[in-house]
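Student: Hi, could you walk me through this one? I'll just ask things as they come up.

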Amino acid sequence: MPKKTLSINGKKHEVTAPDEMPLLWVLRDLLQMKGTKFGCGQGLCGACTVHQDGVATRSCQLSLGDVEDSKITTIEGLSDDATHPLQEAWSKYNVPQCGYCQPGQIMNAAALLAENAKPKEQEINDEMEGNICRCGTYDRIKKAVYFAAHKKEL
Amino acid sequence: MNIITRRDFLKLTGLTAGGLVLGTQLQGCSTKTPSDFRANVFINFLGEDKVQIVCHRSEMGQGIRTSLIQMMADELEYPLEKVEMIQAEGDKKYGDQNTDGSKSIRDNWIRLRELAASTRNLFERAAAKKWKVSDKECKAELGYIICQSKKMSYLDLLEEASKLKPIKARLKEKSEFRYIGKGITSLDIKELISGKAVFGMDFELDSEEMLFVSLVRSPVPGGKVKKLNDKEALKVQGVKQVIQLKELPQDMNTSNSVGVVATNTWAALEGCKQLEISWDLSSVNKMNDKKMQTALKTELNKSKPGKIYRKNSSKEKVTPKSTYKAEFYTPFLVHAPMEPLVATAKVTTDFCEVWAPTQHPQRARTSIAKFLSLPEEKVKVNVTFLGGGFGRKSQPDFILEAVYASQILKKPVKLTWSREDEVKHGFYHPSALQRIEVGLDKDKKPLNWKHKSVFSSMMSVFSPKVTEPADWELALGASTLPYHFKNIEVQASHVETPVRRAWLRSVHNIFHAFAIGTVIDELARQVSTDPIDFSLSLLKEDQMVEKQDINRLRHVIETVREKSHWKKRQAEGKLLGFAHHYSFNSYLAFVVEVEKVDGELPRIKEVDCVLDCGQYMNENIVRAQMEGSIIFGMSIVNYGKITLDENSAIEQGNFDDYPVQRISETPKMNIHLIDNGLAPQGVGEPAVPAFIPAYTNAVARATGKNIRELPIKA
């Protein structure tokens with residue numbers, strides 16, 4: 001198997017793996033970047049959300065072959081010290097309960113804000129609909145995304 | 001660090017039931033080295049300006065790590081920011097670690113505060129001795145002891161304090177609480193929002209030897225592998241071998257399974273998809289969903305009554321003029337925590353260590369020791385963060401599988417479940433069929449109450465032969481009926497099924513509260529009475545009923561009426577539903593508003609929730625639990641449904657056919673907490689069952705149709 005070079009969080013990483021291996025598992029098992037979570041394996045829950053060239057994408061549905069020429073950003077690359085405005089808002093509203101889905105939620109929200117800096121409540125709902133939180137932190141997610149964008153309470 | 005001997009351990013466990021005899025407890029485990037003063041198994045001073053406090057319960061989103069630590073730091077009078085949290089491994093020296101039943105706070109409220117207070121007291125007495133003043137003149141404040149103008153840190157008093165014999169010390173009054181009750185942000189927040197928190201799914205040993213395993217299990221417990229073709233599986237890049245596992249011990253009720261061993265998780269999961277297995281299901285009791293429902297119906301309609309779980313009989317003869325009768329069906333449910341099941345195990349000839357997202361590390365430890373025939377001292381169970389639990393991670397089956405695979409392979413193993421594995425091989429919340437009959441007088445006022453609940457008992461977790469539900473299963477919302485009727489009778493029966501059952505968050509309260517809350521609402525509508533007035537009219541004043549303080553119950557109901565502006569909104573024609581329920585020792589009342597949507601079921605708009613859980617530990621976390629319970633309840637009402645195919649195998653597999661609530665339907669939520677300073681009670685579970693009938697009653701009001709079955713959207 002030939003080596004593949006991936007661009008993740010601004011750094012080059014070399015991996016040797018089959019083309020069909022999902023990016024999720026390349027990140028988690030080959031590169032030891034465990035922030036991106038496995039939730040459903042079918043693109044149904046959003047726990048594995050990363051950015052592919054700035055677009056929120058489910059990494060369980062991206063194969064290694066798909067991403068060779070892409071710039072990938074994961075939760076590890078969002079900020080150095082949990083200081084991204086979304087992470088600060090997440091902290092302000094004490095959003096996480098178990099926390100397992102939250103890296104995916106935050107990555108999805110970060111792509112949303114990059115595209116639409118001042119989303120309305122309905123737009124937040126629409127864009128975050130693909131990310132499941134079984135603990136039910138949705139109300140706080142919505143408030144945190146809104147606050148990060150508008151610097152005022154929803 | 002001192003090793004705790006068996007003798008000390010016995011002392012410790014003997015102490016946990018009642019009050020603490022601290023002297024004996026602390027003597028057993030304090031070291032005499034002044035630089036490292038382990039005051040007890042929970043509190044350890046490291047000889048620097050910080051203290052380690054142990055959290056012995058599992059964190060699965062309920063905020064227990066923050067809550068327990070803030071409770072102990074408060075009583076210890078130590079600054080929270082200088083506390084290092086230590087997650088306990090499974091060990092009986094900590095007392096009960098079974099993180100379920102919403103009891104982590106209520107069971108430890110006195111016990112752990114006493115422990116922290118007696119530790120604080122050591123420093124007060126050490127300072128008093130040093131300054132030659134009375135103990136009472138020395139006051140602890142955030143890691144210092146102060147007496148008039150003198151001030152000394154715990155650190156400087158460490159050596160002196162470690163020589164003293166601990167005694168029982170005064171606990172703080174509510175007015176003195178520094179942290180208890182405050183809405184402190186999760187102490188784990190940074191790890192949780194940066195992807196750095198280590199969940200069971202994220203744990204890995206730094207070892208070249210590490211193997212990754214996933215299993216294909218029999219579609220139904222009891223199945224056996226008839227034919228196996230692993231040719232294609234072995235072709236998957238990274239797959240090393242295929243193994244067979246026998247069934248786990250009886251209480252797990254599993255079957256044999258086939259494991260794919262690989263160099264990474266994906267290869268293991270992918271290999272499983274490529275296995276061709278035909279299963280011998282001849283010994284399995286075949287019961288499709290229709291047959292299961294018929295079995296429930298047959299049992300419900302048996303002329304012979306079920307076992308009686310409560311009976312209150314009036315001396316006078318009561319002859320109802322009519323009977324209001326309603327039947328309720330609720331299906332099986334699965335937990336679906338966001339983190340599927342996973343465990344890492346390292347088994348050597350005489351030791352086993354595991355790392356797992358477990359709610360019950362002691363049960364896991366005992367099960368592993370038994371499985372491997374090792375003494376418990378030779379088994380170590382480390383607890384990771386849990387990516388949700390909801391009861392599923394109380395069961396040690398997924399941990400035993402990892403242990404078993406590691407034993408076979410003689411290498412450390414990480415065993416990962418897919419989402420489909422989690423949905424199809426659960427311990428399910430049982431389906432239930434219930435009938436409530438209310439005898440009415442000529443004015444349709446209720447006289448008699450008769451409730452029959454038929455379901456598959458969860459006692460199967462504890463015993464292979466189940467003939468009837470346990471008393472505590474009916475005390476989950478049915479036999480605990482708070483209302484006053486002339487005659488009350490609560491019956492129940494068990495129906496045998498091949499489906500594994502166990503507890504899901506809130507347990508049988510889910511179906512019992514749904515049935516009772518619906519009947520009360522329907523009765524109120526029948527006589528055109530306000531449902532809140534109607535509910536209150538069924539309560540007797542100044543009375544304890546089945547351990548419930550009726551005054552507290554009355555108070556949450558009246559509070560939700562006031563806070564939700566019930567009367568005003570009723571008058572405006574808003575579509576409102578009301579219900580209340582007592583469970584896990586807490587009192588809940590809900591008002592839910594829905595609005596009509598063209599061509600669809602009504603949409604939830606706003607929720608008012610009133611909780612009386614006594615003293616709440618962390619206001620922010622308690623509010624979060626109420627919010628999460630509403631969403632969890634919505635998933636149950638709208639979508640929750642597990643069904644059986646003709647082999648009694650589970651038909652659902654992922655979030656497409658087992659949908660859960662998503663963000664867009666999130667209602668406006670107004671959470672009102674009663675601040676009465678009474679002993680703290682359950683928080684994680686009691687809101688779910690109270691919310692469910694409030695929601696369905698609002699929907700029934702909007703559609704004009706009674707709701708007798710869940711879910712309503714599937």
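Student: Where is B:P711 placed?
Tutor: B:P711 lies in the segment after helix 20 (687–703) of chain B; helices here are DSSP runs of H or I with at least four residues, strands are E runs of at least two, and both are numbered from the N terminus. This is a predicted model, where local features need pLDDT of at least 70 and side-chain atom pairs count only at pLDDT 80 or more, while totals for chains, interfaces and linings use all residues. Residues are numbered from 1 along each chain as its sequence is written, chains are lettered from A and ligands numbered from 1 in the order in which they are written, and side-chain values use heavy atoms, leaving out hydrogens and water.

Student: Which kind of peptide bond joins B:L710 and B:P711, cis or trans?
Tutor: A cis one, with omega about -5°.

Student: And what about the phi of A:D53, positive or negative?
Tutor: Positive, about 50°, although A:D53 is not a glycine. You'll find A:D53 in the loop between strand 3 (49–52) and strand 4 (55–58) of chain A.

Student: New topic. How many residues does each chain bring to the contact?
Tutor: Chain B gives 61 residues and chain A gives 49, with contact meaning heavy atoms within 4.5 Å. The two chains bury about 4700 Å² between them, 58% of it on carbon and sulfur atoms; that is accessible area (1.4 Å probe) lost when two parts are put together, summed over both.

Student: Which residues of chain B lose the most area to chain A?
Tutor: B:W266, B:M338 and B:I663, together 18% of what that side buries.

Student: How many salt bridges are there across the interface?
Tutor: The rule finds 5 between chain B and chain A, each a side-chain nitrogen of Lys or Arg within 4 Å of a carboxyl oxygen of Asp or Glu. A:R28 and B:D202 meet in a salt bridge at 3.0 Å, N to O.

Student: Which helix supplies the largest share of chain B's side?
Tutor: Helix 19 of chain B, with 10 residues. Helix 7 (189–194) and helix 9 (265–274) are among the other elements of chain B that each supply at least two residues.

Student: Last one: at what angle do helix 11 and helix 12 of chain B cross?
Tutor: Helix 11 (residues 361–372) and helix 12 (residues 397–409) of chain B cross at roughly 35°, their axes coming within 10 Å. Axes are lines fitted to C-alpha atoms over the stretch in contact, with angles from 0 to 180 degrees between N-to-C directions. Residues making this contact include B:F371 of helix 11 and B:Y404 of helix 12.
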